[in-house]
Amino acid sequence: MGKKIFVSYKYSDKKVRPIDGNKDTTAREYVDKLEKLLEKDDHIYKGENDDEPLDSLADSTIGSKLGDKIFDSTVTIVLISKGMKEDKPENDQWIPWEISYSLREQSREGVNSKTNAVLAVVVPDELGKYDYYITENHECNSRTLNTDSLFQILRDNMFNIKDKEKDVRDCKGSKIYTGFPSYIYTVKWEDFVNNVNHYIDIANERRQNIDKYELVKTIR
């Protein structure tokens, strides 16, 4: 059964791999491709914000706009791209608000919505690489995520499993998580597009096991 999926991204980010030789490719073009993939698998794509400046909007207005778009969705996909963050306060940027409202429970006219599943899909940079965010450690068969480069609310909901000693192994003195330590699961774009439903299912499984995670639902 298809899911209603909200997509959060920085539409004007040009620090992404060109699509079809277009040097002016932005994250928006990746969303166009994502929308077609979701519709192919009978998922319903939910519209994103129009990048309206936030500094002129009251919190209540932001909440109303996002509440309308996110309320009946069950999954949020956030595109991680190299230039997704601007040099200004996080509460003046859309992505943190979109993640915050995706994680909140809402009630409207007697109808309740639960916390969304959230999946982080990492877009390749201008050189087609992912190492701005993902470092592969082949010796330990593991990966390191550069979560310091993310918005705080994304960082807060990664590696946030309550039982931090569960599913852990050692490799050359380093602690390696072998299970699902993060509520927000991370996948590379190329892996996601080759198996969309598999990764959406992973995100939904985290949602079904939400009590195992310490969620942070507000912008700090």
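## Exercises on a predicted model

Leaving aside neighbours within four places in sequence, Pro-96 touches Glu-90, Phe-151, Ile-153 and Ile-219. Keep in mind that this is a predicted model. Here are some exercises to work through with the structure open.

**Exercise 1. Work out where Pro-96 sits, and whether it is buried or exposed.**

Step 1: find the element. Pro-96 belongs to helix 3, which covers residues 94-103.

Step 2: check the accessibility. The cut-off for buried is under 20% relative accessible area. Pro-96 has 1%, so it counts as buried.

Step 3: look along the chain. Thr-218 is 122 residues away from Pro-96 in sequence, yet their C-alpha atoms are 8.7 Å apart. Ile-219 also turns up among the contacts of Pro-96.

**Exercise 2. Decide how helix 3 is placed relative to the rest of the structure.**

Step 1: go through the helix residue by residue. The buried ones are Trp-94, Ile-95, Pro-96, Trp-97, Glu-98, Ile-99, Ser-100, Tyr-101, Ser-102 and Leu-103.

Step 2: draw the conclusion. That makes 10 of 10 residues buried, so helix 3 is largely enclosed by the rest of the structure.

**Exercise 3. Describe the surroundings of Gln-152.**

Step 1: Gln-152 is in helix 4, which runs over residues 152-156.

Step 2: judge its exposure. Its relative accessibility is 18%, and because the buried class means under 20%, Gln-152 counts as buried.

Step 3: list its partners. The side chain of Gln-152 makes a polar contact of 2.7 Å with the side chain of Asp-156. Beyond four places in sequence, Gln-152 is in contact with Glu-90 and Arg-220. Glu-90 is also on the contact list of Pro-96.

**Exercise 4. Say which class Lys-188 falls into, buried or exposed, and name its contacts.**

Step 1: Lys-188 is part of strand 11, residues 185-188.

Step 2: with a relative accessible area of 17%, Lys-188 is buried.

Step 3: setting aside neighbours within four places, Lys-188 contacts Val-122, Tyr-130, Ile-134 and Glu-136.

**Exercise 5. Examine the phi angles of Asp-42 and Lys-172.**

Step 1: recall the background. Most residues other than glycine have a negative phi.

Step 2: read the angles. Asp-42 has a positive phi of about 70 degrees, though it isn't a glycine. Lys-172, another non-glycine residue, has a positive phi near 55 degrees.

Step 3: locate both. Asp-42 is in the loop between helix 1 (27-40) and strand 2 (44-46). Lys-172 is in the loop between strand 9 (168-171) and strand 10 (174-177).

Step 4: check the surface. Exposed means over 50% relative accessible area. Asp-42, at 60%, counts as exposed, and Lys-172 is exposed too, at 63%.

**Exercise 6. Find out how the radius of gyration of the protein chain fits a compact globule.**

Step 1: count the elements. The protein chain has six helices and 11 strands.

Step 2: compare the radius. For 220 residues, a compact globule would come out near 17 Å; the protein chain has 17 Å, which agrees. Along the principal axes, its C-alpha atoms fill a box of roughly 50 × 45 × 40 Å.

Step 3: look at the contacts. Of those between residues at least 6 apart in sequence, 70% link residues at least 24 apart.

Step 4: finish with burial and surface. Buried residues account for 46% of the 220 residues. The accessible surface is about 11,400 Å², with 43% of it belonging to carbon and sulfur atoms.

Technical notes: Residues numbered from 1 in each chain as written. Predicted model: local features only at pLDDT ≥ 70, side-chain atom pairs only at ≥ 80, totals over all residues. Heavy atoms only, no water. Helix = DSSP H or I, 4+ residues; strand = E, 2+ residues; numbered from the N terminus. Buried < 20%, exposed > 50% of the residue type's maximum accessible area, 1.4 Å probe, protein only. Polar contact = N/O pair within 3.5 Å; in protein donor to acceptor, adjacent residues only side chain to side chain. Contact = heavy atoms within 4.5 Å. Rg over C-alpha atoms; globule rule 2.2 N^0.38 Å. Areas by Shrake-Rupley, 256 points an atom, 1.4 Å probe, with all protein chains shown as cover.
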